[in-house]
Amino acid sequence: MTTTAPVVAFDQVSKGYGSVRAVDGLTLTLRPGQTVALLGPNGAGKSATLDLLLGLKKPDSGTVRLFGTSPRDAIVAGRVGAMLQSGGLMDEVTVAELVRLACDLHPKPYRPSEVLSRAGIEQIADRKVDKLSGGQAQRVRFALATADDSELIVLDEPTTGMDVTTGQAFWATMRERAGRGRTVLFATHYLEEADAVADRVLVLHRGRLLADGTAAEIKAKAGARRISFDLADTDEAALRGLPFVTSLTVSGRTVRIQSTDADATVHALYGLGLYPRDLEVAGLGLEQAFVAITTAEEAKAK
Ligand SMILES: Nc1ncnc2c1ncn2[C@@H]1O[C@H](COP(=O)(O)OP(=O)(O)OP(=O)(O)O)[C@@H](O)[C@H]1O
């Protein structure tokens, strides 16, 4: 029986800078065709993880393998395309020259004209790269990351500085690639982006993997639900005493509660002899789920 090596395999990878554990015992496996969001707040270790993945930094401990080989070998073999946050573009060349160069460097490139049009940069093809606006430079990075048909595409906060239309075109390209079995890994702190684009979300916090699943699974992992209702007479102290409540806000007659067991909370609410109107129970949005997961983690660390 032959087994195909995973696209990406991190095994107990750690990387520190002085006392900061940028990446802390990270173990994960990515398979072909997945679109994976690496989601975390500033300083969570997303860029450090991608740098380790691309072999730009060496781990202090643990191993990183791409397609069963070292990052360097996978990159030399042209299996990986990357778009990094800090990715400097060469000065003194035009956009068209840079795109042509990128195509020449890849073993399986697309035609430069196709790459330019996909990124919507034909009109600025003759401009010098150092004369571009931030958004235009980001489109050029998009072009470079899609100049060939890489099996693994690594993107560090790719849509930062992109306008909405370019962002949509960008994700359409990535979806098409993933649909053909390519693996797309992108770092983001745009929670809506992870929810909208990724079929797997890795939640990173202080270099550690807090959660790994679909956006829906991550919301469930946070375990909390939102309850809202109107009350004629709100007795905040009584409401705070309800079981499983993790947060409570009252504005006028409207009460909003987060609860880890909505059924028990609502049952107890009626048990107080209160008559809530317009009662709604809903799942947490990804953003609230993320805050709940990281808050729980911080409480554990104390
Ligand atoms: N070269 C370095 N020297 C010292 N500390 C570093 C270095 N690179 C990263 N760090 C630290 O490692 C941690 C993780 O940084 P990293 O850039 O990976 O975070 P991130 O999740 O990409 O954040 P952001 O969303 O702000 O880009 C941070 O605490 C950062 O200050």
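## How to read the model

Because this is a predicted model, local features need pLDDT of at least 70 and side-chain atom pairs count only at pLDDT 80 or more, while totals for chains, interfaces and linings use all residues. Residues are numbered from 1 along each chain as its sequence is written.

## Overall layout

Let's start with the whole chain. The secondary structure comes to 11 helices and 13 strands; these are DSSP runs numbered from the N terminus, helices being H or I with at least four residues and strands being E with at least two. Along its principal axes, the C-alpha trace spans about 75 × 45 × 45 Å. Of the 302 residues, 39% count as buried. Here, a residue is buried if 20 or more other C-beta atoms lie within 10 Å of its own, exposed if 12 or fewer, and partly exposed in between, with C-beta atoms placed from the backbone.

The chain is divided into domain 1 (8-219) and domain 2 (224-283), with bounds that come from an automatic or database domain assignment. Taken over C-alpha atoms, the centres of the two domains are separated by 43 Å. Among contacts between residues at least 6 apart in sequence, 67% join residues at least 24 apart; two residues are in contact if their C-beta atoms, placed from the backbone, lie within 7 Å.

An open sheet of 6 strands has the order 5-6-7-3-8-9 and mixed pairing, where two strands pair if DSSP finds at least two bridges between them. Strand 5 (80-83) and strand 9 (208-213) stand at the edges with a single partner strand each, so one side of each is left without a neighbour in the sheet. On average, neighbouring strands are turned by 15 degrees against each other, direction ignored. Axes are lines fitted to C-alpha atoms, for helices over the stretch in contact, and angles run from 0 to 180 degrees between N-to-C directions.

Within this sheet, strand 3 (residues 35-39) and strand 8 (residues 200-205) run parallel and are joined by 4 bridges. A37 stands opposite V201 in strand 8. Helix 6 (residues 164-179) packs on the sheet, touching strand 3, strand 6 (152-156) and strand 7 (183-188), and its direction makes about 140 degrees with that of strand 7. Helix 8 (residues 215-222) also packs on the sheet; it touches strand 8 and strand 9, and its direction makes about 120 degrees with that of strand 9.

A second open sheet has 3 strands in the order 2-1-4, with antiparallel pairing. Strand 2 and strand 4 (61-66) stand at its edges, each with a single partner strand, so one side of each is left without a neighbour in the sheet. The twist averages 20 degrees from one strand to the next.

Strand 1 (residues 8-17) is joined to strand 4 by 5 bridges, and the bridge partner of F10 in strand 4 is V64. Helix 1 lies across strand 1, strand 2 and strand 4, running at about 60 degrees to strand 2.

## A helix with buried residues

In helix 3 (residues 95-105), the buried residues are V95, L98, V99, R100, A102 and C103. Helix 4 (112-118) and helix 5 (134-145) are among the elements that cover them.

Strand 13 (residues 277-283) is hardly covered, with 0 buried residues among its 7. R225 stands opposite G283 in strand 13.

T246 lies in strand 11 (residues 245-251). T246 counts as partly exposed because it has 15 C-beta neighbours inside 10 Å. Leaving aside neighbours within four places in sequence, T246 is in contact with A224, Q258, S259 and T260. From C-alpha to C-alpha, T246 and I257 are 7.5 Å apart in space and 11 residues apart in sequence.
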